[in-house]
Amino acid sequence: MTGPINLYNIYYGDFSGQSGATGTRTLIDYLAAHLGNSSWYHSTTEYYQINPDDSKTYASNIVNFPQRSVNIYPSKRGASNVIEETDLVTDIINLINSKTLPLDVNGIYAVIFRGDLTFGDWLQSYGWCGYHTSFGLTNGDNIRFFVVGDPSKGPADLQANCAGIAPPTANGNLGADSIASIYAHELVETVTDWSGAWYFDSNNFENADQCAWQFGVNLAARNWNYKVGDKNFLIQTNWVIGKGCIL
């Protein structure tokens, strides 16, 4: 993605009581509002696409968060609160059609769901912690979105699979502090490889995959490694071409 990007957070499930100073919505909205101005994100702008005339167009260096976040419940849930990607797509389209969120072809819609919802093989030892994809509208527009789950609400024996660190965490909120690194991971991968046909290495790893779960600090000594705005977060390192995994 090469133009200015707008981020929209969609909290999916029961996030009631998560708007206080250390609530999940508050912390992740804060991360979204400040991450685009960080040196961590700006390493992404070294990625580029080759144009037909052999010139280069670099990844966007502007990520805005227009303070547009919503909390909705899945419009369709199966037994035991099972949800599928088709449910997410339907609900994103409903939010756009109702003008709750804008139709933004330069936007990235971030879906953050509660662990009391069951979604595929999320949180399993063989599964995923987050992913990004896109879908097309009937008018030909592409909508980019990524999905991150809150492991603090999942089964206790599986929380560590996506948490990254055990409590106490940087902001005292296991859910938000676990989401933060996955959120950043999926953001930069959406920017550099939104369609699955842009940046990936010979092992089919995207840029953030190459540094997954590498934090660059001794986690036994402290529970954060990067300051975003004026808050501390634990954020994985990011792959920078020619430099490796750096913050």
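Number the bonded cysteines in sequence order, and the pairing reads 1-2, 3-4. A disulfide here is a pair of cysteine sulfur atoms within 2.5 Å. That rule gives 2 disulfides.

A word on the source. This is a predicted model, where local features need pLDDT of at least 70, side-chain atom pairs count only at pLDDT 80 or more, and totals for chains, interfaces and linings use all residues. Residues are numbered from 1 along each chain as its sequence is written, and side-chain values use heavy atoms, with hydrogens and water left out.

Take Cys129 and Cys162. Their disulfide has an S to S distance of 2.2 Å. It links distant parts of the chain, 33 residues apart. Cys129 sits in the loop between strand 8 (118–119) and strand 9 (130–136). Cys162 is in helix 4, residues 160–163. Helices (H or I, at least four residues) and strands (E, at least two) are DSSP runs, numbered from the N terminus. The torsion about the S-S bond of Cys129 and Cys162 is about -90°, so this disulfide is left-handed.

Buried or exposed, Cys129 and Cys162? Both are buried. Buried means under 20% relative accessible area, exposed over 50%, and partly exposed in between, with a 1.4 Å probe and protein chains only.

Now Cys211 and Cys245. Their sulfur atoms are 2.1 Å apart, and they form a disulfide. This pair also links distant parts of the chain, 34 residues apart. Cys211 lies in the loop between helix 5 (174–193) and strand 11 (226–228). Cys245 belongs to strand 14, residues 244–246. The link is left-handed, with -95° about the S-S bond. Cys211 has 0% relative accessibility, so it counts as buried. Cys245 has a relative accessible area of 27%, so it is partly exposed.

Next, the whole protein. How many helices and strands does it have? There are 5 helices and 14 strands. The radius of gyration is 17 Å, close to the 18 Å that the globule rule gives for 247 residues, so the protein is as compact as a globular protein of that length. That radius is taken over C-alpha atoms, and the rule is 2.2 Å times the number of residues to the power 0.38. The C-alpha trace spans about 55 × 50 × 35 Å along its principal axes. Of the 247 residues, 51% count as buried.

That's the tour.
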